[in-house]
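Here's a quick tour of a protein model, written for someone just getting started. Have a look at the picture, then read on.

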Amino acid sequence: MPRVAVLLPARDAARTVRAAAASILRQTERDLALVCVDDGSRDGTAELLERLAARDRRVRLLRGPGEGIARALQRGLAACDAEVVARMDADDVAHPRRLALQLAALRADPSLAALGGRVRLFPRAAVRPGMARYAAWLNGLVTPALVERDLLVEAPLVHPAAAIRRDALERAGGWRDGPFPEDYDLWLRLAAAGGRLGNLAEPVLAWRESPGRLTRTDPRYALARHVALKCAHLARHVLRGAPEVALWGAGETGRAFSDALRAEGIATAAFVEVDRKKIGRTVRGARVVSYEEVGRLRGLPLLVAVGAPGARDLIRAELSRAGFEELADYRCVA
């Protein structure tokens with residue numbers, strides 16, 4: 001049994017998959033298996049991987065009919081005979097010490113269910129401002145406590161940069177195929193099962209940015225699907241049994257959360273706002289109150305749902321001044 005099995009799904013990735021696979025096979029951690037799943041490629045990806053498997057006995061190639069990433073991952077998981085399953089994508093490049101660092105960290109902390117690390121976006125010319133902000137935020141989540149704090153803000157681990165304990169992955173049910181981002185769904189289920197998530201402070205992956213990536217082209221990764229997934233998690237766990245909440249933010253993001261929470265049976269009792277033009281109005285049937293009155297809402301679960309860059313830190317500071325404790329009295333969800 002190898003120490004780690006690296007699971008790499010690919011579809012029509014002939015241009016990049018060789019470099020991705022090579023970055024795994026050249027790891028300083030040599031005791032590994034590379035399980036590649038060709039998911040119905042039509043461009044020669046499977047042939048490239050076949051030749052690689054013929055040269056390196058650590059490589060195993062499986063073929064799928066083009067069933068999508070979640071099912072391809074489940075197909076590959078069945079062939080991952082290792083205690084740790086690491087993810088890799090066919091267009092990224094792993095840092096040479098990635099697996100060695102992640103295995104050492106997992107050995108040192110048995111409470112960790114999954115571990116990512118810092119990423120570097122490339123090529124620079126293709127990186128959009130929103131993606132740069134996301135990577136900068138994620139690269140700051142270098143402790144399990146920070147990941148727990150920001151779990152509902154966005155996906156706190158980069159999927160192809162993650163190493164996951166096999167037993168935790170199986171207890172959570174593996175990857176699910178559905179109308180939601182399969183990676184974020186997994187992180188939420190691992191956390192709900194009591195597993196801690198973390199990121200190394202060291203860089204582990206060069207993460208390719210391109211206009212054709214699934215997060216830009218597949219509706220499962222749209223904002224509305226993320227909001228629905230978060231609200232389903234909130235209803236089952238964080239807000240279980242709560243009939244209503246308060247939402248900080250009566251803009252587009254706050255209204256989206258109000259709608260998704262209503263679908264889960266949770267009403268919005270009030271919105272909190274800094275915009276004087278909105279204060280005193282009724283939104284989605286709830287009153288909009290000034291942030292200066294937030295103390296009067298104590299006792300209601302409070303969700304911070306403001307998507308504007310930089311707003312989250314300002315709101316955290318204001319709530320701290322008002323005596324609110326994060327995770328106990330409120331959570332940031334955007």
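Glu 29 is buried, at 9% relative accessibility. Its salt-bridge partner is Arg 3, with the closest N and O atoms 2.6 Å apart. Arg 3 counts as partly exposed, at 34% relative accessibility. Keep in mind that this is a predicted model.

**Salt bridges**

- Side chains of opposite charge can pair when their charged atoms come close.
- The whole structure has 25 salt bridges.
- Glu 170 and Arg 166 form another salt bridge, and their closest N and O atoms are 2.6 Å apart.
- Both Glu 170 and Arg 166 belong to helix H7 (residues 166–171), where they are four residues apart, or about one turn of the helix.
- Glu 170 is partly exposed at 46% relative accessibility, whereas Arg 166 is buried at 17%.
- Arg 316 pairs up with Glu 326 in a salt bridge, the closest N and O atoms being 2.9 Å apart.
- Arg 316 is in helix H12 (residues 311–321) and Glu 326 is in the loop between H12 and strand E14 (330–332), so this pair ties together parts that are 10 residues apart in sequence.
- Arg 316 is buried, at 9% relative accessibility, and Glu 326 is buried too, at 19%.
- Arg 316 and Glu 326 also belong to a network of salt bridges with Arg 149, Asp 150 and Asp 313.

**The sheet and a helix across it**

- Eight strands make an open, mixed sheet, in the order E3-E2-E1-E4-E7-E6-E8-E5.
- Its edge strands are E3 (59–64) and E5 (93–94), each of which pairs on one side only.
- E5 runs antiparallel to strand E8 (residues 196–208), and two bridges join them.
- Ala 94 has Leu 205 in E8 as its bridge partner.
- Helix H3 (residues 69–77) lies across strands E1 (4–10), E2 (32–39), E3 and E4 (84–87), at about 145° to E1.

**Cysteines**

- How many disulfides does the structure hold? There are zero.
- Take Cys 80: the closest cysteine sulfur is in Cys 36, 10 Å away, so that's too far for a bond.
- Cys 80 is buried at 1% relative accessibility, and Cys 332 is buried at 1%.

Methods: Residues numbered from 1 in each chain as written. Predicted model: local features only at pLDDT ≥ 70, side-chain atom pairs only at ≥ 80, totals over all residues. Heavy atoms only, no water. Disulfide = S-S within 2.5 Å. Buried < 20%, exposed > 50% of the residue type's maximum accessible area, 1.4 Å probe, protein only. Pairing = 2+ DSSP bridges. Contact = heavy atoms within 4.5 Å. Axes fitted to C-alpha atoms, helices over the stretch in contact; angles between N-to-C directions. Salt bridge = Lys/Arg side-chain N within 4 Å of Asp/Glu carboxyl O.
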